[in-house]
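Dear colleague,

Please find the structure below, followed by a short account of what was found in it.

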Amino acid sequence: MGRPKGLGGVRYPPLSIVWHWQLDVSAYLAQGQQIEVGEQTCPDCGRRLGGWSGYRRWVRGPGTERLWIRRKRCSRCRRSHALLPDFLLERRLDEVHVIGQALALSIGSHLGMRPVAKRLGVPMTTARDWRRRFRVNALMMVTALVALAVRLDAAPVLLSGADQERTALEALGARGQRARARFGERVPQLWRCWSLISGGRALGTNRSPPYAGRTGVDWMTLIP
Ligand SMILES: [Zn+2]
């Protein structure tokens, strides 16, 4: 059963679909509204999505910029989907790579949130919020990432189990290694993978990430 459809007067907010952008943010910005997202299918019914405008959103970086997010629509489900490049997460201003750095520094290297925020040039409250959301979602993330890793390679995934946050980082790394061993250099950078496999909702608050629907193999079909 798919999600309820936006028929009968019920309106749903647009959902995000994360897709792999092979280059950096400035290359994306340079494309402006001409950005090409390739063919995308409806996550509910599988039909090819049709063109349907887009919107601007901010991305924080050197000289914070606005970029164009393309939106497409399923004519059968009558829902539109925001096509988020994999260097972003839903509702987060910063690049996923920056968010990942903050998590790796604070969880992996035990650096305090204040020096982490200073090093990355983000407000401390923002960095602290990333960490808090990561902590809340850590257990779900471990379960999903281990399942994905095992689908890529059936060998057991060895995790330290020290605490949930560290274990979540280890599980992300383990899944990444197995993806790379199987698919080689085509596999995106670690934190972009995190965005791809969580559908941009890795730090989401009100909707579960669609981890379960992304196996190691069909996840690769997201990559052009
Ligand atoms: Zn559909």
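Which residues in α2 meet which residues in α6? Before the reply, please note that this is a predicted model, in which local features need pLDDT of at least 70 and side-chain atom pairs count only at pLDDT 80 or more, while totals for chains, interfaces and linings use all residues. Residues are numbered from 1 along each chain as its sequence is written, and side-chain values use heavy atoms, with hydrogens and water left out.

On the α2 side, Val96, His97, Ile99, Gly100, Gln101 and Leu103 meet Trp191, Arg192, Trp194 and Ser195 of α6 (contact means heavy atoms within 4.5 Å; helices are DSSP runs of H or I with at least four residues, and strands are runs of E with at least two, numbered from the N terminus). Helix α2 spans residues 96-108 and helix α6 residues 190-197; they pack at about 110°, with axes 8 Å apart (axes are lines fitted to C-alpha atoms over the stretch in contact, and angles run from 0 to 180 degrees between N-to-C directions). That makes the two helices roughly perpendicular (65 to 115 degrees).

The zinc ion has four protein donors, Cys42, Cys45, Cys74 and Cys77, each through SG, at 2.3 to 2.4 Å (donors are N, O and S atoms within 2.8 Å of the metal, or 3.2 Å for Na, K and Ca). Their spacing along the chain is C-x2-C-x28-C-x2-C. Cys42 lies in the loop between α1 and β2, and Cys77 in the loop between β3 and β4, so this pair ties together parts 35 residues apart in sequence. Both Cys42 and Cys77 are buried (under 20% relative accessible area, with a 1.4 Å probe and protein chains only).

Yours sincerely

Key: Parallel < 35°, antiparallel > 145°, perpendicular 65-115°, else oblique. Buried < 20%, exposed > 50% of the residue type's maximum accessible area, 1.4 Å probe, protein only.
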